[in-house]
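Could you walk me through this protein, piece by piece? I'm new to reading structures, so please keep it friendly.

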Amino acid sequence: MSYLSQDQIQQFHRDGFLLIENFISKEEAGALLNRSRQLLDNFDIEEHPKTKFTTTDDDHVGDDYFLTSGDKIRYFLEEDAVDENGQLNRPKQSAVNKIGHALHELDPSFRRVTLENDRLRQLVRDLKFHRDPVALQSMVITKQPEIGGAVGEHNDSTFLYTDPPSALGFWIALQECTATNGALSFLPGSHLTAPITKRFVRLPGGGTGFEPLPVSGDASPPVGNFVLQTCQPGDLVLIHGSVLHKSERNTSEKTRFAYTFHMIESSPHARYDDKNWLQPTDEMPFSKVLPH
Ligand SMILES: O=C(O)CCC(=O)C(=O)O
């Protein structure tokens, strides 16, 4: 029994992304939205480095909070929600940009849709993008009204680099995503023409940065028009790790909650090394998606 049609598979390979309507039901999307809001209510702002450290040299505290978040549920603030003294200028529930990065491991609601989901396993088998994928880097991205920051043009294999590149993004709308509240947009086909020119790494002296990658042939960025992908709650957008995509600032009065996670190919089919920002731990190795 397959879940994806041949047309959908071809469209994904042609465009580098694919909208799958109603991947989860409206009720399931609503339940994940409610769970996200509960997590925001539970967020202890007093324990967050942004409010604890108000001096200018707090950058490394922020780095550490980010760099050790791969196996935790942590909260990352919208830039415009924090004043120059490191204090929030709005309620904490409206100040968070995203929650990450181990929701799929630690939170039963997000785990169910990621690691305990027969429909997802069937999709993975149908797409044949990976031989033996593992899941990592899950996030709820909230795109707060009016301040929800733009996400610049990028491809995901830059941030979750493997050799060879193998990242695949799963992005599930928990609310309606429109032109004004920051829906995703894509440069169709750019996964075929845009090489991965750099990778996001942990720097030896602390913090993160980009390391250039050797590129053979034409490394000039592809030209073309980005296409807006609007979505309804429950829709899934599959994102090829090399396709260029972005989202604009949320200029509306509505939030734009989405749940996203990624898969990469596991060893020996691809190599994930210790330069990557997100590292598996002994207690929380990357979970395989398909049963053995
Ligand atoms: O949700 C967004 O606005 C951006 C998400 C994105 O680009 C990604 O997950 O790679």
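Here's a quick tour, starting with the ligand and then moving to a loop, a helix and a pair of strands.

This is a predicted model, in which local features need pLDDT of at least 70, side-chain atom pairs count only at pLDDT 80 or more, and totals for chains, interfaces and linings use all residues. Residues are numbered from 1 along each chain as its sequence is written, and side-chain values use heavy atoms, with hydrogens and water left out.

- A polar side-chain atom of Asp156 sits 2.8 Å from a ligand oxygen, while for Trp171 a side-chain N or O atom is 3.0 Å from an oxygen atom of the ligand.
- The protein covers 95% of the 290 Å² of accessible area that the ligand has on its own (Shrake-Rupley method, 1.4 Å probe).

**Asp132 in its loop**

- Look for Asp132 in the loop between helix 7 (118–127) and strand 4 (133–141).
- Asp132 counts as buried because its relative accessibility is 11% (buried means under 20% relative accessible area, exposed over 50%, partly exposed in between, with a 1.4 Å probe and protein chains only).
- The side chains of Asp132 and His292 make a polar contact at 3.1 Å (a pair of N or O atoms within 3.5 Å; within protein, one must be able to donate a hydrogen and the other to accept it, and residues adjacent in sequence count only if both atoms are side-chain atoms).

**Helix 7 and its ends**

- Asn117 caps the N-terminal end of helix 7, with a side-chain oxygen 3.0 Å from the backbone nitrogen of Arg119.
- Buried residues in helix 7 include Leu120, Leu123 and Leu127.
- After helix 7 comes Lys128, with a positive phi near 55 degrees.

**Strands 2 and 3**

- Strand 2 (residues 73–77) has 4 of its 5 residues buried, so it is largely enclosed by the rest of the structure.
- Strand 2 pairs with strand 3 (residues 96–101) in the antiparallel sense over 5 bridges (pairing needs at least two DSSP bridges).
- Phe76 has Lys98 as its bridge partner in strand 3.

Notes. Helices (H or I, at least four residues) and strands (E, at least two) are DSSP runs, numbered from the N terminus.
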